[in-house]
Amino acid sequence: MQRRTFSSRDVEETTEFLRDAYNDHCLQFGAVKGDARFDVVTASMGDVGVDRVTSAIDYRADAAPFDYCHINTVRTGRLRLEAGGRETRAAASDSVLLPLGVPLTTDLRQSDLRVTRLPLHLVQAVAAETTGLDPAGLRFTSPEPVSSAQGEYWAALTLLIGDALATEPSVMDQPLLAAEARRALAVALLTTFPNTAMTRDYIPGPGTLGPAALRRAVAHIDSHADLPLTVADIATAAGTSTRALQYAFRRHHDTTPLGYARRVRLERAHAELLAADSADGTTVADVARRWGFAKPGNFTAAYRKQFHTLPSHTLSL
C-alpha cells in the first residue's frame with residue numbers, strides 16, 4: 001500500500017506533481033483567490049489506485065497521451081474533456097474514461113474528483129480471459145458509460161475501494177482482498193465503458209480439457225488458495241487456455257475457476273473457525289479478511305449458503 005498527499009497554490013509545483021503522479025502535463029490556473037489550493041491524496045495497491053483530487057481553483061490541463069486507464073468521477077464541479085476531436089462534458093456523479101494514446105485537454109471548474117488508475121495490461125488480460133479477445137484488440141470506443149445505471153455502479157465501486165485504500169490500516173493490505181479489488185475494477189471498467197470486447201461477433205470454441213489438466217488446475221488452486229490467483233495463473237499451471245479452463249470448470253464443477261477458488265477459501269475459513277477459540281481474540285471478521293472477504297456480511301451470506309450455519313456459530317463451538 002502506498003499513499004501520498006500534496007497541497008499547493010503554485011502552478012509550477014502542481015504541474016511537477018501531476019507529471020510525477022500521472023503523466024506529462026502543462027497546467028494553467030485561473031485566478032487564485034484567497035487561500036484556494038490544489039489538493040491530492042493518492043492511494044495505491046501496486047499499479048492500481050484510487051485518488052482524491054480537489055481544487056478550489058479553476059484550471060486547464062494539457063496532457064500527453066495516457067498509456068494506462070485513467071477514469072475521472074466527478075463528485076462536485078464540472079469537467080470538460082477534449083480528445084481526438086471530440087468534446088465530453090461531465091458534472092456531479094458523472095464518470096469519464098480518458099482516451100488512450102491521444103493528447104487531451106481537460107478544463108475543470110471548482111472540482112472534486114475521484115481518479116481511478118488501472119494498467120492497460122490488467123484490463124487486457126481480464127478481457128482476454130472473459131471473452132477470448134486478443135489483448136492487442138482491446139479498444140475503448142467512448143469515454144462515457146454505456147448507461148446511467150452502469151455509471152452509478154462504477155462510481156459506487158470506486159468509492160468503496162477508494163475508501164478502503166484510504167483507511168489506515170487498510171483491509172487492502174490483505175493480498176487476497178487486493179487481488180479481488182484489482183479484478184473487480186477491471187471487470188467493471190470493461191462493462192461500463194464501450195469497448196471492442198463488448199462487440200465481438202464471434203468467439204472461437206474453447207477446445208477441450210482432459211481430466212489430467214483439470215486435476216492439475218484443481219491441485220494448483222488447492223495448493224495456492226491463500227495467495228492471489230488469476231485464471232491465467234491456473235491455466236498456465238494446467239497447461240491449457242483460459243477459455244478451455246473456464247468451460248471445463250463450468251461443465252464439471254458448475255462454477256468458474258475463481259468461483260472454485262472461492263469455495264476452497266470458504267472451506268479453509270470454516271476449518272480455521274472450527275480450530276479457533278473466540279476467547280483468544282479470533283473474530284469472524286479477521287478470518288474473513290484473511291481469506292479474501294472484505295465485507296463480513298458478504299462472508300456470512302456465502303458461508304451460510306455453503307455450510308448452512310453462521311460463522312459465528314462455528315467459532316463458538
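Mentor: A crossing of two helices is left-handed if the near helix is turned anticlockwise from the far one by less than a right angle, and right-handed if clockwise. Keep in mind that this is a predicted model, in which local features need pLDDT of at least 70 and side-chain atom pairs count only at pLDDT 80 or more, while totals for chains, interfaces and linings use all residues. Residues are numbered from 1 along each chain as its sequence is written, and side-chain values use heavy atoms, with hydrogens and water left out.

Trainee: Which hand does the crossing of α5 and α8 have, and at roughly what angle do their axes cross?

Mentor: Two packed helices are described by the angle between their axes and the distance between the axes. Here the crossing of α5 and α8 is right-handed, and the axes of α5 (residues 211-223) and α8 (residues 257-275) come within 10 Å, crossing at roughly 40°. The axes are lines fitted to C-alpha atoms over the stretch in contact, with angles from 0 to 180 degrees between N-to-C directions, and helices are DSSP runs (H or I, at least four residues) numbered from the N terminus.

Trainee: Which residues make the contact?

Mentor: Contact means heavy atoms within 4.5 Å. On α5 the contact is made by Val218, Ile221 and Asp222, and on α8 by Pro257, Tyr260, Ala261, Val264 and Arg268.

Trainee: Is isoleucine 161 buried or exposed?

Mentor: Buried means under 20% relative accessible area, exposed over 50%, and partly exposed in between (1.4 Å probe, protein chains only). Isoleucine 161, which lies in helix α3 (residues 148-166), is buried, with a relative accessible area of 4%.

Definitions and conventions: Helices (H or I, at least four residues) and strands (E, at least two) are DSSP runs, numbered from the N terminus.
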